[in-house]
Structure formats: C-alpha cells, structure tokens
Amino acid sequence: MSKQVSITRFSNDHSSIADAIGKINGFAKLHAGDRVLLKPNLVMWDRIYPFPKYGVLTTSVVMEGVVRALKEYGCTRIAIGEGAIVDKGLGSDTRAAFAGLGYHKLRDRYGVELVDFNDGPFVQTDFGGYSLDVAAHVLETDFLINLPVLKTHSNTKVSLGFKNLKGCLNVKSKMFCHHTELPLEGFVCALGERIKPALTLIDGIYALEKGPVVNGRAYRTDVLIASTDMFAADVAGARVLGFAPEDIAYLQQYAARYNRSFDDMEVIGEQIKDVAHSLEWDWAWLEDNSGPEAFIRQGIKGIHFPKYDNTICSGCSYLNNYLLIALMGAYAKAPFADMEFLGGKASRSKGGFAKTFLFGKCAIHANHNNPHISEAVPIKGCPPDIPRILETLTSQGIPADDRAYAAYRAALAKRYENREEYVEEHFSVMR
C-alpha cells in the first residue's frame, strides 16, 4: 500500500497546519492519554549576534498549530524537546532558543512541558557496531512528532526528518556522528532506523539554501509536508528542494535496506511540481581547495583555507564561517603572510606554510606533533568562541574585529522580505 504524504500551502493561520495533518489522518494511532513529544529543529541560538532565523529553526506558528491540534484531539500530556548547540560565547543553548521563540507562551497557554535534552537522562542505544546516547524522553514517549525544517545541507545535501533526529543525541554522540571513517549519511540513516516518529511534519514556510544554519539563504515557500512515514516525507521534501531522492545517500541506504521504492507514495493536496524550488546545497570552493571563490573576487592571496568536510560538527562549522569572514574583513590589499587554516577531525597539514592555524579541539588533536608544520597556532575551544578567535588572530598580527561580521549580518538581513511581519507572525506565538 502506498504511503500517504500531504503537501499543503501555508495560509498564515493554524487551519493549514491542522489540514496538513488531517489529510493523512496523522493522529489515527494517537490516544488522548498518550505522552506526546514534539521534536522541532532548534539547532542553535545566537544571543550575541542576533540573526534572521528564517528557514533555520522550526517556526513557532507551526509549533503552536500542532499543539492546538493535539489539544483539540484531547491530548493533555504534551512536551517539546530539543538539544540545541551549547556555546557560551554565542549565548546558545536550548533554553535560550525556547525563550527567544516564545515557547513559554505554549507552556503557559496549553500546559506544554519544555524539555532540554542536554540535561539528560540518556540511554545508551545499540546501533549495530556502535552505540549512541539517545534522550530517554524520545525513547519513552508514546507518540513522537518530528518537526524538521525544509532545508539543504552542506554535508548531507538535504536536512529533513532523518537529519533532525540527530538533535535527540547527547553532545558526545553528536560529535561521534562526524567520524573520520564512517560517513555522516550512514549515521543519519541509522537514526531513522532506530527512532521512529509517529508523524513527520516538515516546516517549509521558509526553505533554506546552503544550510544548516544562518550562512545560507532563505526563500519564502509556504509549504507544509506531512506523513506518518518519515521516509516518504523526506523523499517528498527532497523533491520539493529539487533533488532526486536516489541522489541523497541516506535515503538511498534506507531504501536498499528496507526494499523501499522512491515512488511508493500517494501525494495528497498540492503536487510536488507545483511547489518545488530547486535550491543549491553547497558553497563553491576554488579548484585547488585554497579557499572560497570569494578569495578570487577580493584578490585575497597568501592564505590556504581548505573546505570543511563531514568531520566538522555544526558548532565548529558555524564558528568556522565566522573565522573566514573575520579573515576576509581583515584583508588589507596585501597578501597574507603565507598561512593555512585547518578544522575538523580529518584535517592534516602537509606543510609548506609559515604558520598553520588549527581551529578547534579536533584539528589541534589531529595535528599533534605533525612534523610538517613549521609553526602551529592553536585556536582553542570546542568550538572556539568569538573572543578567542579574534584574540588569536590579532596576536598573530591579523587586524580582525567584529566589523566584517556585522556587515555580513546586515547584508544577510536585507535578503528577506517583510522581515518585521515575518518575525511577528512566525517567531512569536500567535495571539
């Protein structure tokens, strides 16, 4: 029997959210007395450098719409759980995200419990060949609702239902997923095998290009994708983003293991071709991997900044972008002093540079006693915070400060239409 997937246009009110769920009878296996857990995507927060979170985080209007639908169904035991990146320098943690997105209103208005997975407890769970620590709340709930965002991803091409489950792990297990020998896509597939949401609702009010966090570009798409089958939801989501599902490694692996067809689904509501937006997933780097193409446009020389790989985790990925912008802002029309910058577990210097900057704990560890390095300059932290990044650069004679990043943020904010209206409607819970 074909798996049903509903595609619904968001119409600026809660009715379209309830409609998306109702089309596929998403609560058919739900009992009013069940413990219900909602898992949004709140990958990180940023109190130090506020950014438009369009397409990055699950919108609060979707969260309230689902909560209201559950309350109308008779449910009283509803919780929202997430484990956001913890970074003191950025002011990022789960509670900060809850507060910034107005979740206290959901708690006060509907009696919803707010759960920070980072507080534990966790259950060591066998994934076949390795184990990961999964939040106990996820494993013990009666009805798990997965609420990812419609976005592309610089490592996995798309970040949808399967990828959103990574937020159910503790910090150590999340880092383990960025392994030097095991591909990230394999972990993403395994998460979908072990954790089975009863309902997946993909929030596509905005779609993010070149995610997973704020570095990408968001587009207003007003699409909601729902299914009781997470694989079918992700297949539909990938196609809406312009990707053939067979080109998404974790979907291909899952289909092969469980003999699933990419065409074995019934689309209800809008058709994929009518809502699809072909978005890019990765940033362009120079052919010699010496840095982004922006180096050529700005005439930057004397620096080797190879592209990130799957071993760099989300926290370091975000701060690594800050480092890159700080360096570009510090460029003074003269070549840098023959330096390279490495990050991630797999980074190994082959030498040939006057100075090798090692970004973060993993890169420092990977290059410990590397005989090819002339002078190692560690940028310490897991991930390094912004003050440490700036302090290290300036100590090496690189005039870096926050002005370049502030200009980048300002330019980013201008990309979005109706910014004030959007913040009011979708990042504050509706009145």
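Mentor: Let us begin with a pocket lining. In this predicted model, helix H7 gives three residues to the lining of the second largest pocket, the largest share.

Trainee: Which other elements each supply at least two residues of that lining?

Mentor: Besides H7 (171-176), they are strand S8 (149-153), helix H6 (161-164) and helix H13. The lining of this pocket has 26 residues, and Val43, Ile85, Lys166, Lys174 and Ser314 lie nearest the centre. By class, eleven are nonpolar, nine polar and six charged. The volume of the second largest pocket is about 460 Å³.

Trainee: What is the volume of the largest pocket, and which helix supplies the largest share of its lining?

Mentor: The volume is about 800 Å³. H13 supplies the largest share, with seven residues. The lining counts 29 residues, among them Trp283 and Tyr408, which are two of those nearest the centre. It is made up of 14 nonpolar, nine polar and six charged residues.

Trainee: Let us turn to helix contacts. At roughly what angle do the axes of H2 and H4 cross?

Mentor: The axes of H2 (residues 60-73) and H4 (residues 103-110) cross at roughly 15 degrees and come within 11 Å. Because angles under 35 degrees count as roughly parallel, H2 is roughly parallel to H4. The crossing is right-handed.

Trainee: Which residues meet there?

Mentor: From H2, they include Met63, Val67 and Lys71; from H4, they include Tyr103 and Leu106. The residues of this contact comprise five nonpolar, one polar and four charged.

Notes: Residues are numbered from 1 along each chain as its sequence is written. This is a predicted model: local features need pLDDT of at least 70, side-chain atom pairs count only at pLDDT 80 or more; totals for chains, interfaces and linings use all residues. Side-chain values use heavy atoms; hydrogens and water are left out. Axes are lines fitted to C-alpha atoms, for helices over the stretch in contact, and angles run from 0 to 180 degrees between N-to-C directions. Helices (H or I, at least four residues) and strands (E, at least two) are DSSP runs, numbered from the N terminus. Angles under 35 degrees count as roughly parallel, over 145 as roughly antiparallel, 65 to 115 as roughly perpendicular and the rest as oblique. A crossing is left-handed if the near helix is turned anticlockwise from the far one by less than a right angle, and right-handed if clockwise. Contact means heavy atoms within 4.5 Å. Ala, Val, Leu, Ile, Met, Phe, Trp, Tyr, Cys and Pro count as nonpolar, Asp, Glu, Lys and Arg as charged, and the others, Gly among them, as polar. On a 1 Å grid over the protein atoms alone, a cavity is a set of points where a 1.4 Å probe fits but cannot get out, and a pocket is an open set with protein on both sides within 12 Å along at least five of seven lines; lining residues have an atom within 4 Å of a point. Grid points are joined across faces, edges and corners, and a volume is the space filled by probe spheres set on the points.
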